[in-house]
Every structure is written in C-alpha cells, then in structure tokens.
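Please look at the sequence and the structure first.

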Amino acid sequence: MSFYHHYVSPHLLDLAMSSKAFRKPRARTLAPAQGRILEIGFGTGMNLQYYPDTVRRIEAIDPDLDLDRFSQPRIDASSIEVDFHHLDAEHLPFEAERFDTVVSTLTLCSIPDVVHALGEIRRVLKLPPWLRFLLPYKRRDQASLTALEQQRFLCAFEVLNANGTLGQLVDIHAQPHQMHHTLRFLPWHRIYLIKLEQALRAIHPDVTLPYWDWTKSTEQSIPVWLAGVTPTVVTPTRTIAVTRASNSSSDLATIASNTPTALAQTTFNTFTSTLEGIHDSIHVWVGGTMGSIPTAPADPLFWMHHCNIDRLWWQWQTSSAGAGKNPPVSGAAAVMDPWPATEADTRDIVALGYTYA
Ligand SMILES: [Cu+2]
C-alpha cells in the first residue's frame with residue numbers, strides 16, 4: 001500500500017468529511033434512522049454524533065483498514081454500540097430484510113461495483129412498498145439542475161443502463177404498442193416516463209426526470225451537460241451506441257415556434273397531432289439514435305424531450321383550451337399495454353405523484 005494511501009489519504013478524508021458543509025445534511029439524513037440500522041461505508045465514524053438519541057446500536061461496514069485509527073476513538077466516545085465489520089458493500093453477510101434502515105452518506109459512488117452493492121442493500125433492507133409512492137415530487141427544467149443534481153441523474157441513469165432496466169425499456173419502445181400517431185401517444189408516453197423515473201428514484205430518491213424546455217431560446221441546442229453523454233445501451237435484443245447529428249439552433253427555434261399553436265387547440269385530436277408533429281421534428285433535429293423510434297430511448301435526451309412533451313400536455317390540460325378534454329379512446333386502446341394502466345389513470349399527474357416546477 002502506498003505512502004499516500006496509508007498516511008495522507010485517511011487524514012484528508014477525515015478532514016473533508018468533517019467539513020461544516022456536511023453537518024446539516026448529515027443530521028437531516030440520519031434523523032429518521034430507526035430500528036435495526038446498517039451503515040455502509042462507516043469511514044472515520046463521522047456519522048455517529050448525528051444519529052438520533054433513540055439509536056442505541058448500529059451495525060457498520062467499511063473495507064478500509066486504514067480508517068480504524070480514526071473511527072475507533074469515535075466508537076469509544078459514543079454511547080452507541082457499534083458492531084463493526086471490515087467488509088465491502090458488494091457482499092453483505094446478512095439475511096434478507098434484516099435492517100429497518102440502511103445508511104450511506106457520501107459513500108455510494110466510491111463503491112467499485114455499485115450495481116451489485118445496491119442489489120445487496122435492497123436485499124437486506126425491509127422496504128414498505130408504499131414508501132416510494134408516498135411523497136409528491138417535482139420535475140424540473142434540466143437547465144436549473146445543479147452540478148450535483150446532474151451528476152446524480154447521470155449516476156442513476158448509468159446504474160439502470162448497467163443493470164439492464166434501461167435496455168428493457170428501450171426494447172418496449174421498439175415493440176408495436178400503437179403509441180405513435182395515435183390518440184395513445186400522450187397517455188402511453190406518460191406511463192413510459194414514469195417507469196424510468198420510478199427506477200431512477202429507486203436508485204436515488206432525490207432524482208426526478210428533468211425536462212428539456214426547447215421552447216426557451218436559451219435551451220434551443222443540445223444541453224451542454226449532456227453533450228458528452230452518449231452511452232452504449234445493451235438491450236435484450238441488441239446493442240445501441242448512442243449518436244447524435246443535431247441541426248442548428250435556428251432550426252430548433254423554428255420547430256419550437258409551433259408550440260403556441262398546439263396549446264391553442266380546443267380538441268384533444270388536433271392538440272395531440274400538432275404536438276406530436278413538433279415532437280417528431282425534434283427527434284429528427286437531434287438525429288442519430290434519437291431519429292429512429294426503435295433506438296431513441298437509448299439517448300438520455302429522449303427522456304427529457306418527452307418529459308417536456310408531457311409538461312406541455314399538462315399545461316394544455318390545465319388551460320381553458322384543454323380542460324376536461326381527455327383522449328377519446330376506449331376498449332383495448334384505453335389500456336396502455338404492456339402495462340395495465342388505463343388512459344383514465346394518466347389524466348391527473350398530481351394523482352400520479354408528480355408536478356412540474
Ligand atoms: Cu415514443
């Protein structure tokens with residue numbers, strides 16, 4: 001082991017982690033900790049002082065032996081009993097659903113195989129199924145995301161790519177579900193977005209789908225933070241290497257200038273066909289992977305583009321032009337296959353758990 005790793009790095013870590021900037025987030029994060037607790041990445045034991053008074057005992061793991069001389073004094077000084085193991089998070093020797101709380105602060109992205117580790121965490125955690133759907137959340141303009149929020153989104157997106165969730169969703173978009181150039185276009189894609197978003201939020205609860213608001217002149221180009229994000233997506237049937245071949249900002253401005261016309265429509269049929277036309281042109285404007293229906297969702301930009309379409313639909317739904325005007329579909333056409341959700345389920349985004357900021 002190098003001099004740096006053995007002598008310098010633990011001090012730097014302890015210094016960084018004890019920073020004032022982390023105090024409030026730590027206390028806030030740890031406030032709900034209860035029951036049987038597992039802390040992943042115990043590090044120098046910095047969290048101990050932030051657990052609520054009701055916590056008497058925790059189990060903790062960290063693979064790094066060099067941190068013991070920092071953590072041991074903190075364990076000795078704490079009223080909390082710490083059952084500590086030198087382990088990595090990819091292999092947890094605990095039975096399923098052992099813990100009520102799993103704590104991980106500022107450690108997840110240092111785990112080499114985070115996909116495996118998250119699977120292990122899910123396995124040992126008792127998770128009430130209603131929890132994920134309890135709190136309403138906001139979708140925000142991609143241009144308003146902080147660097148940390150961008151990083152979180154991309155981290156969660158990469159995990160879903162690595163674990164196959166994204167690939168499965170991409171293949172669903174390649175199947176014939178009558179979701180383009182039909183009255184199902186908006187309700188079907190509303191469900192589709194939620195499927196990815198729920199998966200993202202299972203990886204990181206603070207992540208929501210951002211929307212790419214190409215109606216704003218300031219966003220009429222490929223968002224800078226996504227310019228270099230062109231993943232390779234392995235689906236159950238193929239491998240897609242994302243490419244783009246985008247056109248000029250003025251071209252995008254011309255396409256987007258039709259949006260007020262769409263929003264002014266007073267029937268669902270004319271509204272959805274006008275908006276879908278704009279949507280199609282933007283797919284073609286981005287080009288490459290986005291220019292073809294079977295591959296488009298491999299590009300993270302797809303989700304932000306469709307999120308903006310969904311937002312504009314909601315804007316129309318809550319305007320005088322569109323209020324109460326639902327997609328006129330019935331029978332099989334009203335079921336958003338391959339999912340059981342119906343058109344009626346998609347009408348109210350607040351009931352679905354989200355809003356637009
Ligand atoms: Cu689509």
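Which residues does H283 touch, not counting residues up to four places away in sequence? The model shown here is a predicted one, and in it H283 touches M290, G291 and A296. H283 is part of helix α10, which covers residues 268–286. Is H283 buried or exposed? With 20 other C-beta atoms within 10 Å, H283 is buried, because a residue counts as buried when 20 or more such atoms lie within that distance. Between the C-alpha atoms of H283 and D310 the distance is 15 Å, and the two residues are 27 apart in sequence.

The chain as a whole comes next. Its secondary structure consists of 12 helices and 8 strands. Along the principal axes, the C-alpha atoms fill a box of roughly 70 × 40 × 40 Å. Of the 357 residues in the chain, 33% are buried. Among contacts between residues at least 6 apart in sequence, 74% join residues at least 24 apart.

The domain assignment divides the chain into domain 1 (3–127) and domain 2 (136–356). The centres of domain 1 and domain 2, taken over C-alpha atoms, are 37 Å apart. Where the domains meet, 4 residues of domain 1 are in contact with 5 residues of domain 2. The side of domain 1 that touches domain 2 has 4 nonpolar residues, with no polar and no charged ones.

Helix α4 spans residues 114–124, and its buried residues are V114, A117, L118, E120 and I121. These residues lie on the same side of α4, because they cover an arc of only 160° around the axis. An α-helix has 3.6 residues a turn, so residues three or four places apart point the same way. The elements below are among those that cover the buried residues of α4.

| Element | Residues |
|---|---|
| β1 | 37–40 |
| β4 | 101–103 |
| α5 | 147–162 |
| α7 | 185–203 |

Two of the helices in the table, α5 and α7, also meet each other. Two packed helices are described by the angle between their axes and the distance between the axes. The axes of α5 and α7 come within 9 Å and cross at roughly 105°. The two helices are therefore roughly perpendicular to each other. On the α5 side, A156, F157, V159 and L160 take part, and they meet A199, L200 and I203 of α7. By class, the residues of this contact are 7 nonpolar, no polar and no charged.

Terms used
Residues numbered from 1 in each chain as written. Predicted model: local features only at pLDDT ≥ 70, side-chain atom pairs only at ≥ 80, totals over all residues. Domains from an automatic or database assignment. Contact = placed C-beta atoms within 7 Å. Nonpolar A, V, L, I, M, F, W, Y, C, P; charged D, E, K, R; others polar. Buried ≥ 20, exposed ≤ 12 C-beta atoms within 10 Å, placed from the backbone. Helix = DSSP H or I, 4+ residues; strand = E, 2+ residues; numbered from the N terminus. Arc of directions from axis to C-beta. Axes fitted to C-alpha atoms, helices over the stretch in contact; angles between N-to-C directions. Parallel < 35°, antiparallel > 145°, perpendicular 65-115°, else oblique.
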